[in-house]
Amino acid sequence: MEEPRIGVYVCECGINISAMVDVQAVAELARRLPGVVVARVYKYMCAKPGQQMIQEDIRTLGLNRVVVASCSPRMHEPTFQQAVAEVGLNPYYLQMANIREHASWSTEDRQRATAKAGRLVRGAVFRAAYQAPLEPRRAPITKTALVVGGGVAGIQAALSIAEAGYPVYLVEREPSIGGRMAQLDKTFPTLDCSLCILGPKMVDAGRHPKIRLLTYSELEEVSGCVGNFRVRVRKRARSVDEQKCNGCGLCQEKCPTKVLDTAYEAGLGQRKAIYRPFAQAIPNIPVIDRQHCQFFTKGRCRVCEKVCPTGAIDFAQQDQILELEVGAIVIATGYALWDPAGLAQYSYGLSPNILTGLQFERLVSASGPTGGQILTFEGRPPERIAILHCVGSRDVNAKPYCSRICCMYALKHAHQVREKTGAQVYQFYMDMRAFGKGYEEFYQRVQEEGVVFVRGRGAEVDVLPDGKLRVRAEDANLGRLVCVDVDMVILASAMEPQPDTDRLAALCRIGRSPDGWLAEAHPKLRPSETATAGIFLAGCCQGPRDIPDTVSHADAAAMHVVRLFNQGEITISPTVAQVQVEKCVGCGECILVCAYSAIQRNQHGKAEVNPALCQGCGTCAAACPSQAIQSLHFTDQQLVAQIDGLLEEVFGTL
């Protein structure tokens, strides 16, 4: 191994690091370490002058190793790797020490922060001496995308990718695309008919030659890596032949079985056992609900089969398993609505006149169970309605975060009530968050329409013996408790991640935020990307957002896919596992623990790593009982040297 000539560069990061770390003392320590030729301090090492400083030292001082002590390598390691590569140094001779998050930001004690920063730099220098050059490989890309979720985010992402000329599989677990937006009556603040603006996009997605709709389908397995994913999709049996069905609707009309529609009508209406979710469904093909169909439950009926003019009913149809190869995946699975029954004080479920916001959307919609009439359960127009904000949101007993859209959809509901019934509306709110374009103006409009605003969270809803509802709350402006009797209560319930988000995150090997949403790679600079290369996020699966932000986010995810496909090939990181064949005993422990199915036995029974699938996580190296596997760039020698450096005392004890 050549004699190391190491340059150490300590960043002040403005005052993010230097306010708590004595960067000059850290640089002085570095100068005394073995192999260090130069140690410098600069205010912004990631800026162009800082990178040029490193490049100049490599040229003039003959550096063959570089240590940068700055912020998280997740953000800046590629920047510095490119900088050293531009002057001919292998990028894997670079080592970073994170002295911002791990030292400056982890304590308010300057001495302790400086001591820890010194240890981190010492560990990085010791490790750098043993680092070896690595070369990335390149591989072709499968230029087909998978979009998971057929709401407005998934539709937008699929259309944007398809319009760029690339094939797309659009997977949706419901019988039709459309998602939550298809359930809405109007959209704020413009009061456009929701399906009137979503419908054309649904039609475009359904007939686009580059988009293959896989509705009534679910993602079951994901393997491979960026550019070359292999996915398994279960296409559930509709019991209707999609090639024969002409969408006439006769089967649905004649079906004698009615069931409560808990999906599209949110429990307020009914549907048949063979049904389309809504009139504008894409594809316009019904599905048989086998849990309620009399043929599947009792072995009789078959009315739909008898009346179908094209012979499309197929009771023997089975689920299909589709094996697909794609180069990138967009997750657009949307959100669920939190169940207000989780907070007993709102009495949700004790009266049919206590509704969630989504239930009110169906009540007020022209395609809803009442034809758009706002009626109480007893069938009469309400005279007084209370709308309660932040039900489940901003609540330590439910969801601590703001759901963003609740204020605006509560204002929309107030407008709809006043417009259609003239009933008195009371809005109970903590503060109004009208953050988007035209939102504040809409808030002003609703105030002018005579809605009564009470600043104070609705604390309790009681169901009175006569069926009336009593809302108790605090009026923060008056500093006293108030009590209002109303005919109907609308709960602006919180948005939350889909119930199976944990399963999806595990399938796609992506993280989740503390609130359960799918985690982006960086909250500000990479909001559409994930930590797993080639998998992107679109819409509310990443966090609460309104429709305009969702569409923009979906377009951003699509642009990442298009940019990836335009490259034609991908660079595969060389930081993968490597088997030392002479040590391998073929026990198979590495195969069992590998989360990426990257290891198999070769013809000699020894472990063999597929570098295209390996993500360099190191689990196999840790599990191998014979120490036959090393993770390149994270070898035992390198890690032990780094630990030795960390454990040596600098600037006194921690």
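1. Arg100 belongs to helix 4 (residues 100–104). Helices here are DSSP runs of H or I with at least four residues, strands are E runs of at least two, and both are numbered from the N terminus. This is a predicted model, in which local features need pLDDT of at least 70, side-chain atom pairs count only at pLDDT 80 or more, and totals for chains, interfaces and linings use all residues. Residues are numbered from 1 along each chain as its sequence is written, and side-chain values use heavy atoms, with hydrogens and water left out.

2. Arg100 counts as buried because its relative accessibility is 11%. The cut-offs are under 20% relative accessible area for buried, over 50% for exposed and partly exposed in between (1.4 Å probe, protein chains only). Leaving aside residues up to four places away in sequence, Arg100 touches Cys13, Asn16, Ile17, Ser70, Cys71 and Trp105; contact means heavy atoms within 4.5 Å.

3. The side chains of Arg100 and Glu101 are joined by a polar contact of 2.9 Å. Such a contact is a pair of N or O atoms within 3.5 Å; within protein, one must be able to donate a hydrogen and the other to accept it, and residues adjacent in sequence count only if both atoms are side-chain atoms. Glu440 is 340 residues from Arg100 along the chain, and the C-alpha atoms of the two are separated by 39 Å.

4. Thr530 is located in the loop between helix 14 (501–508) and strand 29 (535–537). With a relative accessibility of 2%, Thr530 is buried. A polar atom of the Thr530 side chain lies 2.9 Å from the backbone oxygen of Thr532, and the side chain of Thr530 also reaches the backbone oxygen of Ile535 at 2.8 Å. Beyond residues up to four places away in sequence, the residues touched by Thr530 include Ile510, Ala519, Glu520 and Phe536.

5. One joins Phe188 and Pro189, with omega about -5°; Pro189 sits in the loop between strand 8 (186–187) and strand 9 (192–193). Another runs from Ile282 to Pro283, with omega near 0°, and Pro283 is in the loop between strand 15 (274–275) and strand 16 (287–288).

6. Positive phi values also occur at non-glycine residues. Arg302 has a phi of about 60° and lies in the loop between helix 9 (294–298) and helix 10 (303–307). Its relative accessible area of 31% makes Arg302 partly exposed. Ser347 likewise has a positive phi of about 60°, in the loop between strand 19 (336–337) and strand 20 (354–356); at 9% relative accessibility, Ser347 is buried.

7. The protein chain holds 18 helices and 34 strands. Of its 654 residues, 55% are buried. Among contacts between residues at least 6 apart in sequence, 70% join residues at least 24 apart. Along the principal axes, the C-alpha atoms fill a box of roughly 85 × 70 × 40 Å.

8. The domain assignment gives domain 1 (6–136), domain 2 (145–236 + 320–334 + 509–567), domain 3 (250–307), domain 4 (338–496) and domain 5 (577–631); these bounds come from an automatic or database domain assignment. The centres of domain 1 and domain 5, taken over C-alpha atoms, are 32 Å apart.
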